[in-house]
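I am opening a notebook on this structure. My entries follow in the order in which I looked things up.

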Amino acid sequence: MIKLDAKIPEGPIEDKWQTWLDRHSLVGPRNRAGKNVIVIGTGLAGSSAAASLAAEGFRVKAFCFQDSPRRAHSIAAQGGINAAKDFANEGDSVRRLFVDTMKGGDFRSREANVWRLAQLSENIIDQAVAQGVPFNREYGGSLATRSFGGVLVQRTFYSRGQTGQQLMLGAYSALQHQVAAGNAEVFNRHEMLDVVLVDGVARGVIVRNLVTGEIERHAGDAVILASGGYTNVYYLSTNAMGSNVTAIWRAHRQGALMANPCYTQIHPTCIPQSGEYQSKLTLMSESLRNDGRVWVPRSPDETRTPGDIPEAERYYFLEERYPAFGNLAPRDIASRAAKTVCDDGLGVGGTGRGVYLDFRDAIAEHGRDTIERKYGNLFDMYSKITGDDPYRTPMMIYPAPHYAMGGLWVDYELQTTIPGLFAIGEANFSDHGANRLGASALMQTLADGYFIVPHTVTDYMTRSGDAVGTDDSAFEATQDKVETHIAALVDVGGSTVAQDFHQRLGNVMLDKCGLARNAEGLTEALGEIRRIKAEFWSDLRVDPGVEELNQSLEYANRVSDFLELGELMCHDALRHEESCGGHFREEYETPDGEALRDDEHFAKVTAWEYKGDEGDPVPHDEQLTFENIKLATRSYK
Amino acid sequence: MNFKLVIWRQHGPDEEGSFETHEVAGIDPDASFLEMLDQLNARLGREKRPSIAFDSDCREGICGACSLVIDGTPHGPQQVTSCQTYMRDFVDGATIKVEPYRSNVLPVIRDLVVDRSALDRVIEAGGFISTTTGPQPNPNAMPIAPKVQEQAMDAAVCIGCGACVAACPNGSAVLFTGAKVTHLNLLPQGQPEREDRAFNMVNQMDEEGFGGCTNFGECSRACPQEISLDVIGMLNREYRKGAAAQRPKHRSEMIAQ
C-alpha cells in the first residue's frame with residue numbers, strides 16, 4: 001500500500017517555507033559542479049529551474065522538443081501574472097491571494113503549497129524586472145496592474161497581451177546566460193521517452209534526438225520534469241501542436257502517481273471552432289473581460305447583426321447571474337454559463353456555439369485609444385484569424401480546453417512518488433485545485449522553477465548517493481523498451497494517420513469528459529477509447545524511417561500516450577462523485593445549476609497508480625486539511 | 001478551394017533537394033496554410049507516401065516555430081507568420097510555391113525544416129542581463145517611463161522566427177540582433193553591459209556567417225511582428241560605442257582598473 005506523505009513542515013502556515021529553508025541540507029560551492037541535473041522541458045518552469053540551478057554551479061542539461069528553448073508554449077500566455085504586492089493600494093495581501101486561490105480552486109488544493117505560492121509571488125515580479133522584462137508602466141514609471149477573473153483586486157502585472165512571451169524570454173535569456181557561462185547545456189529537438197530507475201530511484205532519462213533519430217542515454221543526480229500540461233488529449237485545445245503528456249505519462253508508467261487527472265480547465269474566452277479541418281483553438285486573454293461584456297440575444301430566433309440588437313434584448317448572462325463578479329466570474333463558472341446559454345439555443349455564430357464579447361461600451365467610455373493600448377495585439381490577433389474587426393463588431397468566443405490542473409502527484413518538495421524525480425509547473429498536480437484562476441499559471445511555474453525546486457533538488461542531492469553511469473544495465477533495459485515501442489508504432493503498417501485517431505479521441509473526451517460529465521457518458525467513453533486504441537494499434541500509418549527526422553512518428557508516439565491518459569481521466573472523473581471547479585458531474589448540482597461539492601467524501605487528492613496495460617489503475621488518497629481557511633460553498637453572486 | 005502546390009522536398013541536410021507537385025482539393029477558405037498542409041499530409045499517409053516535414057507549434061503567431069517561404073516571401077503574402085496565413089488570402093486554383101528558408105546559416109534539416117540554432121548562439125553571446133535568481137531590488141525603485149517601456153516592448157516582441165534573415169538578400173540577422181539590443185539597452189537594467197552586449201552579439205553574428213546590412217529593408221517588411229528598421233540604427237550606434245570601448249584606454253585608466 002502506497003502511503004502519500006506530503007511532507008508539509010510543522011508550524012504556522014506563514015512560517016512553513018522558511019522553516020523548511022532553514023533546515024534543508026546544502027551542497028558546498030566546490031561540490032556543485034560534480035552534481036548533474038536533468039531538466040525536461042524549457043518553458044517557464046523548466047528554463048527558470050535550469051537557469052537557477054546552473055547559476056548555483058550545478059551542471060544542468062535542459063531538453064526540449066522544439067528547435068529552441070524559447071518556443072515552449074509558456075510563450076503564448078497572454079494576460080498577466082499575479083503577485084500580492086498591493087501596488088494598487090487595495091489592501092491586497094499574501095493571505096488574500098491565498099484565499100482567492102484556495103477558493104478559486106474550489107478547495108481542492110493543499111493549503112501549505114498555496115500559501116507558499118502567494119508568498120513567493122512578490123519575488124517573481126522583482127526577478128523578472130531585474131532580467132529586463134518590460135512590464136507595462138504607469139505614467140510615473142511604476143509598475144501597472146490590472147484585474148483578472150475571480151478576484152476583487154488588481155494584482156495582475158502584464159506586458160501588453162504578451163506577458164507569457166516576455167517572462168519566457170526573460171527565463172530563456174537567463175538560461176542562455178548560463179549556457180554561455182558553461183554551467184548549462186541545451187539539447188533542442190530532443191524528446192524524453194522514458195525515465196531510468198535504478199533500485200526505484202530516478203537516475204537519468206532516455207531521449208530521442210529528433211533530427212537523427214538516435215536514442216540517447218543521459219544520467220543525472222536528479223531529474224526534473226517541466227514538460228507542461230496535457231489538454232491536447234482533447235485534440236482541439238489552446239495548447240501548442242507539440243504539447244504532450246509523454247514525459248509525465250512514461251514516468252507514471254514507471255511508478256509516479258498521477259493526481260486528479262480529470263481536473264482540466266476549459267477556458268471561457270477562445271475563438272470558436274469553425275470547421276473540421278481546424279488543428280487548434282486560439283485563446284483570447286481573460287484580461288479582455290475587464291472591459292468586454294459577455295452577452296447573447298435573449299431570443300433564440302434573433303437574426304439581426306449584434307449592433308442592431310437593442311439593450312433590452314441582450315442577455316448579459318454573467319452580469320445577471322453573478323452580479324458581484326459579473327464578467328470577471330472565474331473560468332469554470334464563466335465557461336459553464338456559456339455552455340448553458342448555448343444549450344438553450346441562444347448561442348451565436350455559424351455553429352450556434354458562441355457568445356459575444358462586446359467592447360462597445362468600453363470604447364464609448366474610455367475611448368478607442370485606451371482600449372487599443374491595453375488590448376491592441378489581442379484585437380489584431382482576433383481580426384487576423386477571423387477577418388472581423390472587434391473595434392466595430394463584438395468578438396465571438398466559446399470555451400476551449402486550456403489547462404490541466406491534474407498532473408504528477410508531488411509532495412511539498414515537488415518530488416513525485418519516485419525518489420529523485422521532481423515535477424514542476426503544469427506537469428505537476430499543482431496548487432490550483434479543481435480550477436485555476438487567471439494569471440496564476442505563470443506565477444506557479446516561476447515560483448516552482450526559480451524559488452522552490454532549486455532548493456528542494458539541492459536538498460535531495462545531499463543524500464542521493466553516488467551517480468549511476470549510463471553503462472548501467474538499467475539504462476540498457478530502458479533504452480530497449482523505448483526502441484521496442486518505436487518499432488511497434490512503425491510496424492503497425494496501416495493506413496490511418498495519427499491525427500485521425502487523435503481527433504476521434506478528442507471528440508470522445510470533449511463530449512464525455514469535458515465541460516460536463518456523467519457516469520453513463522464516462523462509462524461509454526471508456527469503451528470508446530479502448531476501441532480507438534485497438535484500431536490505433538492495428539491500422540496506424542507512420543513514415544518508415546526511424547533514424548531521421550520523422551514527424552509522423554513523433555506525433556504517433558504522443559497519441560499513443562494520450563489514448564492511455566484519456567482512459568485514466570475517465571476513471572478519475574467517475575470516481576469523483578461530486579462537482580467541483582472544472583469537474584462538473586451533472587448528477588451533482590445545486591437547484592440553480594451550480595457545482596455541488598461533497599467535502600465529506602472528496603476533500604482529498606486522488607492519486608492513481610499504474611497497473612500495467614491490462615490492469616485497472618488503483619486510486620490512493622491524500623486527505624486535504626483546512627486549518628487556515630474555512631470550507632465554504634463558492635459564491636460569486 | 002483547390003490549389004496546386006509546388007513543394008521543396010529534401011531528405012536530409014546533405015542531400016540534393018527538388019520540387020514536387022501536389023494538388024489539394026476542397027480546402028476551406030478559413031483553413032490556415034498549415035492546416036491545408038496537414039490535410040495533404042493525412043492524404044499522403046493514407047497513400048503510404050512520405051509526409052512533408054515542416055515546423056510549427058503554437059499556431060497562433062507567437063512561438064516563432066513556423067518558417068515557410070510561400071511564393072518567394074518568408075511566411076507568405078500577408079506579413080504574418082505562416083501559421084496565421086489563411087487560404088482565403090489566395091486565389092482559388094492558384095499554383096503556390098512552398099520552400100524552406102534559404103540561408104547557409106539556417107541549413108535545411110528536412111523538406112521545409114531548417115536549423116536556427118545560430119540565433120540561439122547570438123543570444124548566448126549577450127542577449128541577456130547577467131543577473132541570477134535571488135533577492136532583487138524593489139522594481140518601483142527604478143521607474144521606467146511608459147514611453148521607454150513601449151519602445152523596449154516594440155523591440156522585445158521579436159519571436160525569433162528568422163524570417164528577417166530569410167528575406168534579406170545578404171542573409172543578415174541585424175533586425176533580430178538589433179531588436180534584442182534595443183530591448184535591453186533602452187532599459188535601465190541593461191546599462192551595465194550595454195557596450196559589451198552589442199559588440200559581442202555582432203561579433204557572434206559575423207562568426208556564424210550571417211551577412212552584413214546594406215539597408216534593403218526587406219527584413220522589416222517580412223517581419224510578422226513589424227519590428228522597425230530603427231532597431232538596426234540602434235544596433236549600429238551601440239556597436240560603435242561598444243567597439244570604441246574595447247580599445248585600450250589611456251595608461252592612467254588602465255592602471256586604475
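Predicted model: local features only at pLDDT ≥ 70, side-chain atom pairs only at ≥ 80, totals over all residues.

**Entry 1: the two domains of chain B**

I began with the centres of domain 1 of chain B and domain 2 of chain B, which are 29 Å apart over C-alpha atoms. Domain 1 of chain B covers 3-113 and domain 2 covers 117-246; such bounds come from an automatic or database domain assignment. I then looked at how they touch. Domain 1 of chain B gives 18 residues to the contact and domain 2 of chain B gives 15 residues; two residues are in contact if their C-beta atoms, placed from the backbone, lie within 7 Å.

Residues are numbered from 1 along each chain as its sequence is written, and chains are lettered from A and ligands numbered from 1 in the order in which they are written.

**Entry 2: chain B as a whole**

I looked up the make-up of chain B and found nine helices and seven strands. Helices (H or I, at least four residues) and strands (E, at least two) are DSSP runs, numbered from the N terminus. The C-alpha atoms of chain B fill a box of roughly 75 × 40 × 35 Å along the principal axes. Of the 257 residues in chain B, 52% are buried. A residue is buried if 20 or more other C-beta atoms lie within 10 Å of its own, exposed if 12 or fewer, and partly exposed in between, with C-beta atoms placed from the backbone. Among contacts in chain B with a separation of 6 or more, 69% join residues 24 or more positions apart.

**Entry 3: where the chains meet**

How many residues of chain B are in contact with chain A? I found 61 residues of chain B in contact with 65 residues of chain A. H1 (33-46), S6 (108-110), H2 (117-124), H3 (146-156) and H5 (174-186) of chain B each give two or more residues to this side of chain B. H1(B) has the largest share, six residues. By class, this side of chain B divides into 26 nonpolar, 21 polar and 14 charged residues.

I also checked Pro137(B), in the loop between H2 and H3 of chain B. Pro137(B) is exposed, with 11 other C-beta atoms within 10 Å. Leaving aside neighbours within four places in sequence, Pro137(B) is in contact with Asp126(A) and Met142(B).

I turned to H12 (473-491) of chain A. This helix has 19 residues and reaches 26 Å from its first C-alpha to its last, close to the 27 Å expected at 1.5 Å a residue. The expected span is 1.5 Å times one less than the number of residues. Which residues of H12(A) are buried? They are Phe475(A), Thr478(A), Ile486(A) and Leu489(A). Seen down the axis, the buried residues of H12(A) fall within an arc of 75°, so they line one face of the helix. The arc is that of the directions from the helix axis to the C-beta atoms. The face turned away from the buried side of H12(A) carries exposed residues, including Ser473(A), Asp480(A) and Asp491(A). After H12(A) comes Gly493(A), whose phi is positive, near 65°.

Next was H13 (498-512) of chain A. Its 15 residues should span 21 Å at 1.5 Å a residue, and its end C-alpha atoms are 21 Å apart, which agrees. The buried residues of H13(A) include Phe501(A), Leu505(A) and Lys512(A).

**Entry 4: the core**

Last, I looked up the largest nonpolar core, which has 276 residues. Such a core is a set of buried Ala, Val, Leu, Ile, Met, Phe, Trp, Tyr and Cys residues joined through C-beta atoms within 7 Å. Those with the most contacts inside it are Ile224(A), Leu225(A), Leu408(A) and Cys164(B). H11 (441-461) of chain A gives the largest share of this core, 12 residues.

Technical notes. Nonpolar A, V, L, I, M, F, W, Y, C, P; charged D, E, K, R; others polar.
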